Amino acid sequence: MRVWDTSHLLDDIPQKKDDVSDAEHVFDPIDSQVNVQRIRQHFKQLRTRLVLGLILGFLLPNALLSAYFHFQFTHTLMESAKLNLAAVAESQKNTIDLYLQERVVNIYNLFHNRDFSLRPNQEQMDNYLATLLQFNDGFVDVGFFDPRGIQIGYAGPHPKLLGRNYSKEQWYRNLIKEQKSYLISDIYMGFRKIPHFTIATKQQFNGRPFVMRATLDPDKFYIFLRAISHGKDVETTLINRKGQYQVVDPGRSQAIGSGDFIPPASESSGVKDIERDDQNMLVAYAWLTETPWALKAVQPVAVAQAGMMKTRLVLTISLVIISVLISIMVYLTIKKLVSRAQRMAEKGHQLQEMLAHASKLASIGELAAGVAHEINNPLAIIMATSGVIRDMLNPEFELDHSPEAIYQELFVIDAAANRAKGITRKLQDMGKSRVPSVVECDVNSLIDEVVGNLKKVEFKPKHIDIIYQLAPDLPPILAEPEPLRQVFSNILINAGDAIDDRGTITITSGYKEAMVSITIADTGRGIPQENIQRIFSPFFTTKGGGRGTGLGLSIAASIVKYLGGTIKVNSIPGTGSAFTILLPANSQVKQSIKTPL
């Protein structure tokens, strides 16, 4: 079975100028330059869409992902800065605790000195101070107190303190009252009227408490604090629960001054954000174990995050550079591929034009050969018959030259001349432009009319059964009735010629998807596969004996194409053929038929 579709013939129908969408699918070599511009516009739009796809498919997700990681990195960066400063504060706190423990041990060991006495003389006190200074140069002096709180021994730069009663001093009373055997006081002025710390230990002798105390130089303590500090622009101070500085940078404040942040006593350590002098600061704090002081490490946020901010900046710039480079590479690749595809499309279009031109030349040559062949046949008959007449008039041949015989030969000449005239008239019909004179046509009625005429002449010698399967509610179409009759007549005649003696022709009509369909199926010989693509070519015929001109199907296809329709052929050699004519229905006409006024 082979199907041949004549819908491609519609490509030759000129489109309306205002029907832009349809015109885009029509190949017209006259508008070659327009088509080239259309191809370039198409690839320009394709390039734009691909670039937008690049932005939406690569750059946008990449930007969103980068923004997400940027915020995550910033959060981690801030937490890392806090953790680093907290680690610094915790490390310094442990160092100071150890430093104070060592000082307590230094003083406590004086009770176990070989020359210790409950009534030490000045030489012994000087030896005690020398011993303390050997361990740490931060010691200022040393004193020894009897159970009454009287300083009975002293060595240091304030000898007037010898004999002073300290029983009313806060640090002394706290030491005697507490269970701990040592005490580290807050910074205070005392009898010497200068800031200093007191580290005191007590020891029971014969059930009575004796106290050994030494003072520490706050400046030396601060130098020690600076020595153990690390971290850029980290300011370290010691502060008590009341917020009073114990050890502080002299440039920041004086001892016993108050700080701007008091760490919460409920937390052993932590990190807070504060604002100082219109600058965001990080404050890490840790409470000491040996004394109720808190170590504060203060660092500007910008300095604490400077290293990581630099790393983040490098990563961001690297990401932007990589994204830009990848985008440029992808863009150049897209541009190169699209340009190559555009060149191939333009070459393909040029090749299509050349093929179409060559096809038209071949068609013209084939048409000319067919015309020459069809005209030559009647001309040959005319020439041969005229020769016969001349021979009949020549006495030497003794032929019958009666008027009746000559009239019979002239009849042959007339028949050949009429056949030639018919061929030229059909060619004129194919070539001349039609003036549209369309009316509403009832396809079923036209078919019935054509079949009735054919039964009187063409179908009369044969036994052909006609079966009608016509749709009763078939909408009319707008067409010229006579060309439409010719279409049905040509196809029905071919169907009848395909049947040798007895057969059936089935005519079916229907309506689907705004198209009226008419199928003419016969039970004839069918069409061989090698001929089915040529049956609509002018002057192609398989009918021998001069019975066909080869123009019937060509004219039918031309008319259907003119009406905006299509002819499809379904044929099985030895079984039969079916020609389906598809014609567009007029929906307005259909509506008027269904709703009569």
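**View 1. Strands β2 and β6 run side by side in the antiparallel sense.** Welcome to the pair formed by β2 (residues 139–145) and β6 (residues 208–216), joined over six bridges. Pairing here requires at least two bridges found by DSSP. Look for D141, which stands opposite T215 in β6. This is a predicted model, in which local features need pLDDT of at least 70 and side-chain atom pairs pLDDT 80 or more, while totals for chains, interfaces and linings use all residues. Residues are numbered from 1 along each chain as its sequence is written, and side-chain values use heavy atoms, without hydrogens and water.

**View 2. An open sheet has the strand order β3-β2-β6-β5-β4.** Its five strands pair antiparallel; strands are DSSP runs of E with at least two residues, and helices are runs of H or I with at least four, both numbered from the N terminus. At the edges, β3 (151–155) and β4 (182–184) each have a single partner, so one side of each lacks a neighbour in the sheet. From one strand to the next, the twist averages 15 degrees.

**View 3. Helices α9 and α10 cross at roughly 55 degrees.** Here the axes of α9 (residues 443–456) and α10 (residues 481–498) come within 9 Å; axes are lines fitted to C-alpha atoms, for helices over the stretch in contact, and angles run from 0 to 180 degrees between N-to-C directions. Contact means heavy atoms within 4.5 Å. Among the residues that meet are V443, L446 and I447 in α9 and P481, L484 and R485 in α10.
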